[in-house]
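Notebook open, structure on screen. I'm jotting down what I look up as I go.

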Amino acid sequence: MRLQLSPEDQKFREEMREFFTTQIPERIRSKVIARQELSKEEMVESQQILNAAGLAVPGWPLEWGGKDWSQLQRHIWHEEMQLAGVPQPLAFNASMVGPVIANFASQELKERFLAKTANLDIWWAQGFSEPDAGSDLASLRTTAVREGDEYVVNGQKTWTTLGQYGDWIFMLVRTDPAAPKKQQGISFLLIDMTTPGVTVRPIELIDGGFEVNEVFFDNVRVPVGNLVGEENAGWTYAKFLLGNERVGIAQVGASQRHLATAKEIAKERGVLDRFASRIVSLESELLALETTALRVAAHSDGGKPHPASSVLKIKGSVLIQAVSELLMDIEGPAATTSWNSRVFLNNRKVSIFGGSNEVQRTIIAGTILGL
């Protein structure tokens, strides 16, 4: 089955494809296609080119740089970006804290942060997971005690991706330890990472990289004005943010591109017949996931992600891992010392972050199936 676009949407797709393949430097796109790490400077450069053309944060409200696009157009924008090897706008900025600030923060915080967030003049880090509060996020223990016009923050966050580059961090903190439910008494706070008492410590991953960190907070004083929305209402904003995060995790376009690469390598090595059934199966599953992503987009109203975004998260992460495993198998024993092995190991994380796949199955059972 192939989805047919209207002439207008097909024209939109061609415009996106031309921009991404001509305006984003090939030296950056080549590294993405080869699944190599980008420097901070390369990520900033790419996002600022997108932002200058109004293509960095199309899902935001119009007054803050968003586009009045249909959900289908936003899907096409995202897909073509991945197919062209363009680094996606930094998720922490574009699809996580940006929409939360735009929808729930004070006008002062919107004017202070949103333009810089879209242009990646500020690099945001995410302060959600804790040593004993990862999948069970509501069990977080980092506290923010109000003293006059400041909160005093103490605690530890972990698995803070790219936190070593962070200028600011958006945090979930416990502001009412006596709340009757653990989901209550949590607030959403913005913290300057240069504030005294903030310490970032890298964590080495199984692939040998250092893309995640522990972040410690020792009597960090934060102005009350940095609170997003209402005190003790942070769980509501966190659920909104996590829904957006799960939509982006599907990575359909990127998986299609990697699968096409695997197919070419198999042809070059004369082993296509041996891997043909796996390739065809993955192609079919990616097409089905693409269709599901379109359905989720069509049912996401008012900027609020549809609960089925959990389906995208689960299936998208499974296919990302399956494609990276296929590339390893095609390469054979040589893969153990190649870059593909590092990508394979690194991709073990995608079924854990953004809410583990086990947590997503619970969400599906409760919100979609009514179990």
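I looked up Phe-188 first: it is buried, with a relative accessible area of 0% (buried means under 20%, with a 1.4 Å probe and protein chains only). This is a predicted model, where local features need pLDDT of at least 70, side-chain atom pairs count only at pLDDT 80 or more, and totals for chains, interfaces and linings use all residues. Numbering runs from 1 along each chain as its sequence is written, and side-chain values use heavy atoms, leaving out hydrogens and water.

Next, ring partners. I count rings of Phe, Tyr and Trp (its six-membered ring) as a pair if their centres lie within 6.5 Å, stacked with planes under 30 degrees apart, edge-to-face over 60 and tilted for the rest. The whole structure gives 13 aromatic pairs. Phe-128 sits in the loop between strands S1 and S2 and Phe-188 in strand S5, so the pair ties together parts 60 residues apart in sequence (strands are DSSP runs of E, at least two residues, and helices are runs of H or I, at least four, numbered from the N terminus).

Phe-170 and Phe-188 are stacked, because their ring centres are 6.0 Å apart and their planes at 0 degrees. Phe-170 belongs to strand S4, 18 residues from Phe-188. Phe-170 also counts as buried, at 0% relative accessibility.

Which residues form one aromatic cluster? I find Phe-113, Trp-124, Phe-128, Trp-168, Phe-170 and Phe-188.

Last, helix H5: 10 of its 14 residues are buried, so H5 is largely enclosed by the rest of the structure.

Note on methods. Buried means under 20% relative accessible area, exposed over 50%, partly exposed in between (1.4 Å probe, protein chains only).
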